[in-house]
Amino acid sequence: MGTSTDSNKLNSILQFTSKANRFGALGPVITRQILPSTYVSGAGALQNLPDIVSRLGERPVVIHGDVGWQQVKDSVLTSLPEGATDNLIHYHGYCTEVDINRYAEKLSQADYDLVIAVGGGKVLDLAKGAAFTASIECITVPTSPATCACIAPLSVIYGDQNEVLGVLSFTHAFAATIIDTDVIGAAPARLLASGILDALAKWHEVRLSQRQHGRLDAPIAASLSLCDSMKAVFDEHAQTAIDDAKAGQTSETRAFVAESAILFPGLMSGLAGNGTRIAASHPVHDALTLLEGAHQSLHGELVGFGILTEMVLDGRPDAEVQQTAQTFQALGQPVGLAGLGVAEALTTHADKVAERVLIDPFFQEVFAGVTASEVRQALAQTDALAIAAGQVAS
């Protein structure tokens with residue numbers, strides 16, 4: 001039975017990592033989804049929600065998560081038509097294909113015509129996926145800067161063991177995103193650091209992928225320019241924003257960095273297209289989610305280790321990798337695989353993790369010819385350099 005289960009899981013992973021499911025893959029013509037049709041941001045931006053809802057639908061439903069919902073509940077409820085205050089669906093869990101289809105059926109049966117998705121990455125991905133599947137409009141209201149899920153035209157799909165299978169890409173942008181900087185600018189330091197690390201993955205991935213493919217057109221050139229602009233923002237302001245968050249200090253810098261962690265990677269990914277935005281950092285993240293201990297870590301924390309592994313695979317000098325690890329750790333990145341809860345990625349589960357990294361077709365394109373043995377070696381080298389960086393910092 002174990003063999004059958006493993007085979008089914010592999011088939012699911014291949015389904016969601018196939019190029020056919022990566023809208024915007026490289027070709028003579030690339031279709032890109034860059035941003036939602038309406039993007040509203042700023043302090044108190046949620047005040048605009050009722051007007052946007054009234055323009056987009058008559059029968060809205062709210063799909064919301066847990067912690068973040070309490071921050072924005074009152075503002076969101078004012079956007080519902082009179083008598084529709086019960087149009088609320090709570091979601092807690094990992095976004096799965098089964099749940100997307102189940103919630104899409106709920107939306108269709110209730111004849112809703114608009115989804116207001118409120119919360120962090122997983123609930124936003126579930127709501128976006130359900131709305132897309134049910135062919136109805138969607139507004140996203142992020143309560144965390146930990147990922148760019150609120151503007152990404154895709155949903156990250158998990159399996160029944162909370163492991164990443166891949167992404168479900170959408171063929172069109174959704175209706176609107178409202179980023180209230182009062183809300184995301186008040187997020188805890190750990191969530192902010194996760195968003196910064198996830199955003200930095202795009203800086204590495206887009207540049208490395210473009211170098212490998214050699215393709216350059218106007219949207220990719222614009223994405224590369226944004227890469228440098230985002231890196232400059234984080235170089236100058238990220239540590240201050242994290243320090244403010246740790247101190248519980250509200251500041252313009254904290255809000256600016258929080259929105260930058262969402263907007264920049266969303267723009268960069270959309271402009272570059274899927275074929276030039278995946279290298280190793282996210283495949284490493286996906287592979288680590290196969291291990292139960294990974295679920296104690298945030299998306300960006302795992303991606304941060306993936307960035308370092310990507311640098312090792314790219315042949316960057318050890319000193320550069322170690323310095324980058326120190327920078328990440330100053331922001332809040334856990335030290336090494338043990339700090340992420342996945343020390344067994346180097347021992348009992350080393351083969352499984354390496355093989356999962358290799359499955360990703362875009363990893364194969366960027367790191368053609370890399371073997372499972374070389375991936376295992378890169379993970380071990382990255383872990384050693386991250387630990388060394390932590391020892392220097394202490």
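**Loops, strands and the overall chain**

Let me start with Ser-135, which counts as exposed, at 65% relative accessibility. Please keep in mind that this is a predicted model. Where is Ser-135? Ser-135 lies in the loop between helix H5, residues 121-134, and strand S5. Its phi is near 60°, a positive value in a residue other than glycine.

A second residue with that kind of backbone angle is Asp-111. Phi of Asp-111 is near 60°, again positive and again not in a glycine. Asp-111 sits in the loop between helix H4, residues 97-109, and strand S4.

Is Gly-185 buried or exposed? Gly-185 is buried, with a relative accessible area of 9%. Which residues does Gly-185 touch, leaving aside neighbours within four places in sequence? Its contacts are Arg-254, Ala-255 and Ala-258. Take Ala-258: Gly-185 and Ala-258 are 73 residues apart in sequence, and their C-alpha atoms are 5.8 Å apart in space.

5 of the 5 residues in S8 are buried. In a regular strand, side chains alternate between the two faces of the sheet. For S8, one side has Ala-176, Ile-178 and Asp-180, the other has Thr-177 and Ile-179, and both faces are covered. What does S8 pair with? Strand S1, residues 38-42, is joined to S8 by 5 bridges, and the two run parallel. Within that pairing, Tyr-39 stands opposite Thr-177. Strand S5, residues 137-142, is joined to S8 by 2 bridges, also parallel. There, the bridge partner of Ile-139 is Ala-176.

Strand S2, residues 60-64, is likewise mostly covered, with 5 of its 5 residues buried. Pro-60, Val-62 and His-64 are on one side of S2, Val-61 and Ile-63 are on the other, and all of these are buried. Which strands does S2 pair with? S2 and strand S4, residues 114-119, run parallel and are joined by 5 bridges. Ile-63 stands opposite Ala-117 in S4. S2 and strand S3, residues 88-90, also run parallel, joined by 3 bridges. In that case Val-62 stands opposite Leu-88.

Last, the chain as a whole. The protein chain has 16 helices and 8 strands. Its radius of gyration is 20 Å, close to the 21 Å that the globule rule gives for 394 residues, so the chain is as compact as a globular protein of that length. The C-alpha trace spans about 60 × 50 × 40 Å along its principal axes. Of the 394 residues, 58% are buried. Among contacts with a separation of 6 or more, 78% are between residues 24 or more positions apart. The accessible surface comes to about 15700 Å², and carbon and sulfur atoms account for 50% of that. On charge, there are 24 positive and 42 negative charges, and their mean positions are 4 Å apart.

That is the end of my part.

Technical notes
Residues numbered from 1 in each chain as written. Predicted model: local features only at pLDDT ≥ 70, side-chain atom pairs only at ≥ 80, totals over all residues. Heavy atoms only, no water. Buried < 20%, exposed > 50% of the residue type's maximum accessible area, 1.4 Å probe, protein only. Helix = DSSP H or I, 4+ residues; strand = E, 2+ residues; numbered from the N terminus. Pairing = 2+ DSSP bridges. Rg over C-alpha atoms; globule rule 2.2 N^0.38 Å. Contact = heavy atoms within 4.5 Å. Areas by Shrake-Rupley, 256 points an atom, 1.4 Å probe, with all protein chains shown as cover. Lys, Arg positive; Asp, Glu negative; His and termini not counted. Charge placed at Lys NZ, Arg CZ, Asp CG, Glu CD.
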